Amino acid sequence: MAQQYKRQGKYSLILVIQEENGMIRRRTISSAIVEIAAAVFFVLTVAVTCKIVYDEITIRNTRKELVEQIVTINNLTDENEALAMENSTLTSKVTVLSGTVSQKAEIEDAITQETIENALPKGFPISGSSTMKEAEEGDPMLIFTASVGTNVLTSGTGTVVTVDSDEIYGTKIVIDHGNGYRSVYRNNGKALVKNGEELGKGYILFTVGEDNRELGYQILKDEQYIDPMVIIDING
């Protein structure tokens, strides 16, 4: 039986070195060292290639993230500018609205003050010429003697709370002006108003004739009679 031999090829690397003096030296590098060197070179090549590929992928991802961040920053910048513009618009509207509200409040305050002022029983209760004196006895009261044809008037805006008979003057009308003020009109004439009626300032309560020229006028503050001269406007 014939035996077959597998012949393994061997190789070696010969380095030829020429020195300065002209001599030539030869160095032989075995195949094992060459193979090791080749393997090392291959591994290094693969490692370097992998590193290059990895760095390329990393750079590409980083670049992509950077682009996305730039886009996000731009979008946020646009949104911030839009919000700033909207905020400026809202601020302007608020300023205008505040001014309007303030102006409205001032008008309402002025109206309220005017309403309170008109309600105070400061007006003169006779429409024409008359004489006036203070009552000598009893609660504070002004006594007017009016000319025929003149009228007894409300001294401020208010609501009629009573229209009753009066022992001395015949008829008594009481008007509530709010804020604790009430005015009382005592006269022998026919009352031209009724209970619950809301009256403006200067409204006619009685018409003065020959039989009812005298008017007893009083003011109450918080259910207490006060001197009408303290509040009445003689020139009114």
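A residue counts as buried when its relative accessible area is under 20%. The legends below describe close-up views of a predicted model.

**View 1. An edge-to-face pair is formed by F124 and F144.** The ring centres of F124 and F144 lie 5.3 Å apart, and because their planes stand at 85 degrees, the pair is edge-to-face; the cut-off for this class is over 60 degrees. F124 belongs to the loop between α1 (31–119) and β3 (130–134), whereas F144 belongs to strand β4 (residues 142–146). The pair thus links distant parts of the chain, 20 residues apart.

**View 2. F124 and F144 are viewed for their burial.** F124 has a relative accessibility of 17% and therefore counts as buried. F144, with a relative accessibility of 0%, counts as buried.

**View 3. A tilted pair is formed by Y185 and Y217.** The centres of the Y185 and Y217 rings are 5.3 Å apart, and their planes meet at 50 degrees, so the pair is tilted. Y185 lies in strand β8 (residues 181–187) and Y217 in strand β11 (residues 214–221), so the pair ties together parts that are 32 residues apart in sequence. Y185 and Y217 are both buried.

**View 4. One aromatic cluster is formed by F124, F144, Y185 and Y217.** Within this cluster are the edge-to-face pair of F124 and F144 and the tilted pair of Y185 and Y217. The count of aromatic pairs comes to 3.

**View 5. K221 is placed over the face of Y181.** The distance from K221 to the ring centre of Y181 is 5.1 Å.

How values were computed: Residues are numbered from 1 along each chain as its sequence is written. This is a predicted model: local features need pLDDT of at least 70, side-chain atom pairs count only at pLDDT 80 or more; totals for chains, interfaces and linings use all residues. Side-chain values use heavy atoms; hydrogens and water are left out. Rings of Phe, Tyr and Trp (its six-membered ring) pair if their centres lie within 6.5 Å; planes under 30 degrees apart count as stacked, over 60 as edge-to-face and the rest as tilted. Helices (H or I, at least four residues) and strands (E, at least two) are DSSP runs, numbered from the N terminus. Buried means under 20% relative accessible area, exposed over 50%, partly exposed in between (1.4 Å probe, protein chains only). A charge sits over a ring if NZ of Lys or CZ of Arg is within 6 Å of the ring centre and within 35 degrees of the ring normal.
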